[in-house]
Structure formats: C-alpha cells, structure tokens
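Subject: Structure for your review

Dear colleague,

Please find below the structure that I am handing over to you.

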Amino acid sequence: MNGRVSAWLDSLGLGIYGESFEHNAITWDVLHELNEGDLEALGVLLGHRKKILRAIAQLSQSAEVVSPESKPSGVPPEEQALLPEQDQAGRRQLTVMFCDLVDSTALSCRLDPEDLQDVIRRFLDACSQEIGRLNGYIAKYMGDGMLVYFGYPHAHENDAERAVHAGLAILDTVRSLNLDNPHSETAIAVRIGIATGHVIVGEVMGNDIAKERSVFGEPPNLAARLQDLAQPNQLIIDTVTKRLVEHEFEFGDHGTLSLKGFDTFIQTWQVLSLRLLPASRFEASRAGHFTNFIGREQELALLLGRWREAVEGEGQVVLLCGEAGIGKSRIANSLCNRLADIQYKAIYFQCSSYHTNTALYPVTNFLRHEAGVASQDSAHAQLEKLDALARERGIKNQETVSLFADLLSIKEHCRYPSLPVSSEKCKHMTLEALVYYLERLADRSPVLFIVEDAHWIDPTTLDLMTRIINRIRQMRVLLLITFRPDFKPVWSEYSHVTFLTLSRLPRRQSAELITAIIGGKALPPEVQQALLAKTDGVPLYIEALTENCWNPDC
C-alpha cells in the first residue's frame, strides 16, 4: 500500500516526501483524511501542502475503496481508484441511519400547509447540518425523514461513532427547535434507528434528481426496523454498532425482539448519552490492554516535580506536545498511576474532533459527570442534582448555579431564571464562575487538571484556559494540556508554564516495548527489524503492528 502512495507522490513530482509518509504509516486508505496540520507535521512545505491537498480533493471526487472481489480484472491497482462511478460497486461496511419526524400526520391536521412545510424544512435543514458536520451522506429524503449512510462514499475508521454522534446531535437539535418555538401545539419529536454491517454498493439507479446509488444488505432493513421500534426522541441501535462505539456512549437495554423480515431475534439498545467517564479516553479505550511503561522516565519525573510544586501552592502548567500515537495520553495516565496513593481531585476535559465549534463542549461534559446529570433525567431531577453539587462544593451564589443551569441547557428552571444580561456578558460571567469553581476545588485538595487533545479545543474553552492559566499560580493545581504539533499554544511565555515535547522512542526502547507486548518471548530477528523500521519509534504503531503480526501460538 505504501508503494501506491509513493507512486502517487512521484506522479505529483513530490517523491521527496515518500520516506516521511512511509515512516508515519500513511497508507492509501487514510490518504484522504490528511489535512493541512497533518502535512505540516510531516514536514511538507507550504506550497507542496497546497498541491497535495488539491490532489487529494481530486481523488476524493472520483475514488472509492473497492473490495478485492469487486475489482475488475485486467485493471492495474493504481488505476482502479480512478474508475468511473458506474464501476465503483463493491462490498463494504456501512453504518445506516433512518430518522423521521414523529406523527407528522397529526401536525398536518393542526397546521396550515405553509406552516407545516416550514416546520419540516427547519427540521430537515437542522438534521442535514449535523449529519454533514460528521461526514454522513444523505442518500434519500423521504417526506419528513431521511436515509443516511456513514462509510459511503468515503470510509472512516470511526463511521459508527460518527453516526451515533450525529443521532444524539439530532435529538439535541429537536429539543432546541422546540425551546425556540413559542407554540407548544407544534412541538416536534424524532425517531432514529442505526445499524451497521456489510452491504453491496450497487449501480446508480434512476434519472436526474431521482438518481440514487443502490445498497443491498441487511443494515438498511435493520435500521428501518429499529426506527419503527423507537419511541419519540429515542435513538435505537443494533449490537454491531454498540460493539463499535461502546467506549464512547451510555446505553440502555431495549430488549431482544422478533423483527419482521429477520429469522432470528435481534438485540436492541437505546443510546442514552455520551459516556461521561472520570478518566481519559485513552484509559477507557485501552482498558485491560496496557503494556509496560517504557521510556519517558525523564518526562514523567518532570511532571512529578511540577506536581510537587502545585501541591505546595505554586500552581503549574505543562504543555505536552507530540504527534499522533507518540504517547501523550499514556504519559498522562502513568502520572495518575504514580499518584494513586495520594488524595487529590482529578479533572478531565476531553476535546473532540466532532465538536470543535461547540462552545465549552468539554466543560459541559465534565459538569454533567460531576453532578451525575443524565439526558434522560427530567429538568426537575437535573436541577436537584445541580443544587446538590453546588452544596457539596460550597457554592452559595445562586447566580453561579443559574449560569451552570444555562450551560447544561436545563431550560425549564423557574428556580434559576436566565440572567437579564447580554450574551457577551453572560459568557464572561460563566467563564468567571468556572474559574471560581476550580478555585473552590483547589482550596479543598490539590487538583490534577488534564486537558486532552487541545488541537480540537473550541474557542470558548480556549478562552477559559487562558483565564485559568493567568490565575493558576495561586491555586494548588497542575494543569496538563496535551496536543499535536499543529496546535500553537499562546501561553508558552508564562514563567509557570513548561513546554514539553515527546520525541519518538529510540531503537533500544522500541525493542523493549515489542518484547513487553509479546510477553518476553523472542521474535525472529528479521521480523523485529521490520517492525522497528516500519514503526520508527511511534509507540502506538509499535503496539498495533506487533499485536497484528505476532501469533502467540507460534
């Protein structure tokens, strides 16, 4: 596969980057996911970055992943990605979503046709925006609903995750549409079904605006049945989808059911919310799969030194920079392990590539976890939990609680009406209330505050971080911010801020990591040398390739 990438770079006159692409495991199937920041991290010059991105865009318009069994014979592999649309049929994994408006017939009886059209248009437009943001493909509009594919025309390794994020975003969108609607009789609800599996993507059928690419297989039928099962404002998924996304979301068992057209009983699940873990995404995704911590002793010693300073009342910030897979989250997790016997408060902000424009996204997730607020709770129950959190943290200012209620979108609260201030003033007050919340926590015990993947941070959370860093010197807080090289932090000049870059593991430590992964057994020298050459000191690649190629029965 890398030979194919090298040949493509040569065709652009940019073969000088072939070695860099190979060392970073840039294969043909991930080529279309590269962005400006990725290319900059690979050392590609600005003019060459523009040329490569333009060429990738041209590939994306004409290329699809084609399975081996569907490739036409006699066509060289390098040319198969450029085949015309009608020859692009093939087998692939697809996540399919069906969503529609609940009881639109009743709405049509209560509304003037033009008003009904406006309601449906606003609903579909809002859904389309969320689906597009997560790279879904709307295959068909069906009156007041839609059929959506995740994994076509372009596949991503996390298509099922994208689909469920889109489903939850649609549920939030419907709630927002209802809150902005002064007429309760026109309140709307949505039902969503999602299923994942292998399909055959067939030829384009129909003409002109009715053109549609045919998809054959079980997932579309199952997603339609799951949508039929859903109650208003429910998202129902199948077991395959749940298995692919179970580290990311909370679920409720929706029962094992007999569905029309299916010979066996189908286990179904309701997606309740994002999984609000008091741990990093790395710890959740690697649960039970940790290898020995190898290397990074100096970096970990530096972090422990900054922690001791923070505990003594001199707040510290460490900016931890490194490319993808280099071990940023792992070193943060190792720091937590070293502090396991110490009493402290941990705060985790997990930035998300899906929510770079969602104001205070990691903050709201943290507060929801702190208060134990679940999306299925009633507004009254959510307020009770928020009140309990305020009492527990010693927050007596009702204005602060009101700001937090607004931040968590608990709208039906006569107890804490929205403050009569401008949106800019409200933002300022909210950020100050969050800084105050951190100060209260640090007064009680030292705080380890980890912000992961700051290259995806939203602008408002970035503003919050600046305010905290400006005042952290007087708090018992160690703030650890991890990010990739394309993120340029603005805080490096502060005296209490330490910039730490993680480099690739040297060859000796890479070999130690391989040995640890395979349980101390010996690999054939030629296999180990190949692993060392291909992974080039990137721990995540070392783990992935070693686990893939090692056969424990050998």
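A residue is called buried here if its relative accessible area is under 20%. Asp-453 has a relative accessible area of 7% and therefore counts as buried. Please note that the model is a predicted one.

**Overall composition**

The protein contains 21 helices and 13 strands. Of its 554 residues, 50% count as buried. The accessible surface amounts to about 26700 Å², and carbon and sulfur atoms account for 50% of that area. Among contacts between residues at least 6 apart in sequence, 71% join residues that are at least 24 apart.

Five strands make up an open sheet with parallel pairing, in the order 10-11-12-9-13. Its edges are strand 10 (345–350) and strand 13 (497–501), each of which pairs on one side only. On average, neighbouring strands of the sheet are turned by 15° against each other, direction ignored. Within the sheet, strand 11 and strand 12 (residues 477–483) run parallel and are joined by five bridges; Leu-448 stands opposite Leu-478 of strand 12.

Helix 12 (residues 297–311) packs on this sheet, where it touches strand 9 (316–321), strand 11, strand 12 and strand 13. The direction of helix 12 makes about 145° with that of strand 12. Helix 17 lies across strand 10, strand 11 and strand 12, and runs at about 140° to strand 11.

**Nonpolar cores**

The largest nonpolar core has 52 residues, of which Phe-449, Leu-464, Met-465 and Leu-479 touch the most other members. Helix 17 (residues 423–444) supplies the largest share of this core, nine residues. Leaving aside residues up to four places away in sequence, Phe-449 touches Ile-347, Phe-349, Leu-438, Met-465, Ile-468, Val-477, Leu-478, Leu-479 and Leu-480. Another core, of 40 residues, lies apart from it and includes Leu-107, Val-190, Phe-249 and Leu-274.

**Helix 7**

Helix 7 (residues 113–133) has 21 residues, so at 1.5 Å a residue it should span 30 Å; its end C-alpha atoms are 30 Å apart, in agreement with that figure. Buried residues in helix 7 include Leu-116, Val-119, Ile-120, Phe-123 and Leu-124. Also buried there are Ala-126, Cys-127, Ser-128, Glu-130 and Ile-131.

**Backbone features in loops**

- Although it is not a glycine, Asn-135 has a positive phi of about 65°. With a relative accessible area of 40%, Asn-135 is partly exposed.
- Asp-453 is found in the loop between strand 11 (447–452) and helix 18 (459–471). Its phi is near 60°, again a positive value in a residue other than glycine. Whereas Asn-135 is partly exposed, Asp-453 is buried.
- Pro-153 is located in the loop between strand 3 (145–150) and helix 8 (159–179). The peptide bond that leads from Tyr-152 to Pro-153 is cis, with omega near 0°.

Yours sincerely

Note on methods: Residues numbered from 1 in each chain as written. Predicted model: local features only at pLDDT ≥ 70, side-chain atom pairs only at ≥ 80, totals over all residues. Heavy atoms only, no water. Helix = DSSP H or I, 4+ residues; strand = E, 2+ residues; numbered from the N terminus. Expected span 1.5 Å × (residues − 1). Buried < 20%, exposed > 50% of the residue type's maximum accessible area, 1.4 Å probe, protein only. Core = buried A, V, L, I, M, F, W, Y, C linked by side-chain atoms within 4.5 Å. Contact = heavy atoms within 4.5 Å. Pairing = 2+ DSSP bridges. Axes fitted to C-alpha atoms, helices over the stretch in contact; angles between N-to-C directions. Areas by Shrake-Rupley, 256 points an atom, 1.4 Å probe, with all protein chains shown as cover.
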